[in-house]
Amino acid sequence: MSDFITVAKVGAILEGQGGTFAIGDKLVAVFNRGGTYHAIDDLCPHMGASLGAGCLDEEGAVTCPWHAWRFDICDGTWRDNPRLKIPSYPVRIHGDKIQVQLVDQNAKPIEG
């Protein structure tokens with residue numbers, strides 16, 4: 001299991017906003033909704049726009065700034081077609097740091 005990586009300090013992401021953070025070669029969008037932080041893959045699968053730059057609504061969905069695809073920030077579900085999900089990642093607060101773990105919470109183990 002990968003370690004939690006610090007991406008920002010608590011308070012750096014304003015309520016109802018998101019931001020994009022590089023963790024190694026991966027871009028992750030982190031959102032503050034009601035004081036709880038959520039992380040999903042930053043790149044919209046449609047055309048690669050930054051979801052961290054998207055608009056977060058009261059229902060917990062971020063809207064892609066290019067073509068208005070909407071994704072749930074809790075689990076990465078595409079709101080228009082729930083069969084599609086982008087990766088979502090565990091987030092924790094450690095002291096005054098927001099930390100993300102690059103383990104896809106949507107991944108299903110392969111049985112064999």
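**Exercise 1. Is S88 buried or exposed?**

Solution. S88 has a relative accessible area of 1%. Buried means under 20% and exposed over 50%, with partly exposed in between (1.4 Å probe, protein chains only). S88 is therefore buried.

The model is predicted: local features need pLDDT of at least 70, side-chain atom pairs count only at pLDDT 80 or more, and totals for chains, interfaces and linings use all residues. Residues are numbered from 1 along each chain as its sequence is written, and side-chain values use heavy atoms, without hydrogens and water.

**Exercise 2. Which residues have the most contacts inside the largest nonpolar core?**

Solution. Such a core is a set of buried Ala, Val, Leu, Ile, Met, Phe, Trp, Tyr and Cys residues joined through side-chain atoms within 4.5 Å. The largest has 14 residues. F31, I40, L51, V62 and F71 have the most contacts inside it. A second, separate core of 12 residues includes V7, A8, A39 and V100.

**Exercise 3. Describe how strand 9 meets strand 10.**

Solution. Strands pair if DSSP finds at least two bridges between them. Here 4 bridges join strand 9 (residues 91-94) to strand 10 (residues 97-101), and the two run antiparallel. V91 has V100 as its bridge partner.
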